[in-house]
Amino acid sequence: MSKKISTILFSLVIGVYVMIWGTAAIFDTRDMGFDNEQVGLLNDGWFYQAVDGTAINITLPCKLSLDKAQKMTIKRILSENIAPGMVLAFRSSQQEVYVSIDDRLFYSFEPAKQVISYPKSPTSAWHLIDLPDLNSGETLSIELKSPYQRYTGSVNEVMIGTKSAILYHLGKEYFPALCVSMVILLIGAVFILFGLYSIKKNY
């Protein structure tokens, strides 16, 4: 009896898995109006502003060798105008984030000042930052700081586009991994429940 139940549960899990991936494979999104806007990458043209003022050219993503909790500031001189409505997007890893244009701060992501919390820094997060009207020749700056050595000096790729385009890009990029994780979680839950059922039945 237990072997039969195990076979049924396993078949159910496989069926759900096939249904998810089958739907994703046959579902045609070409005429739905999604993915019509391009997401650009701003990975080139950056330089790291060292403490002594030295400028070091870098390409994102990168990991610089810095002391623990040392502030990291990267800058990029804009080569063209950026109209309102565009969004800057990147992911931080256990880091405080400050974004400015010509030293005018317009976005920050930092721990709450009056709240004692753990960890010492904000969580890892995606940042979708509404950009103001930017002109060619202005300097875009991103400042990152983490209390942990593992994340100090790390900066991921930077994207630019409309908010809808970036959200669609992120969904398309990470949805398959999310589906796999959910299937694995479902399989684990099924076998745990089956184990508990077997123990209860035997005792």
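Arg-76 stands opposite Leu-140 in strand 10, where a strand is a DSSP run of E with at least two residues, numbered from the N terminus. The pairing of these strands rests on 6 bridges that join strand 5 to strand 10 (residues 139-145), and the two run antiparallel. By definition, two strands pair if DSSP finds at least two bridges between them. In general, strands of a sheet pair through backbone hydrogen bonds, either parallel or antiparallel.

The model described here is predicted: local features need pLDDT of at least 70, side-chain atom pairs count only at pLDDT 80 or more, and totals for chains, interfaces and linings use all residues. Residues are numbered from 1 along each chain as its sequence is written, and side-chain values use heavy atoms, with hydrogens and water left out.

Which contacts link parts of the chain by charge? The structure holds 2 salt bridges, a salt bridge being a side-chain nitrogen of Lys or Arg within 4 Å of a carboxyl oxygen of Asp or Glu. One of them connects Glu-138 with Arg-104, their closest N and O atoms being 3.9 Å apart. Glu-138 lies in the loop between strand 9 (125-130) and strand 10, and Arg-104 in strand 8, so that the pair links distant parts of the chain, 34 residues apart. Glu-138 counts as buried at 13% relative accessibility, whereas Arg-104, at 47%, counts as partly exposed.The other salt bridge is formed by the side chains of Lys-163 and Asp-130 (3.7 Å, N to O). Lys-163 lies in helix 2 and Asp-130 in strand 9, so the pair ties together parts that are 33 residues apart in sequence; a helix is a DSSP run of H or I with at least four residues. At 37% relative accessibility, Lys-163 counts as partly exposed.

Technical notes: Buried means under 20% relative accessible area, exposed over 50%, partly exposed in between (1.4 Å probe, protein chains only).
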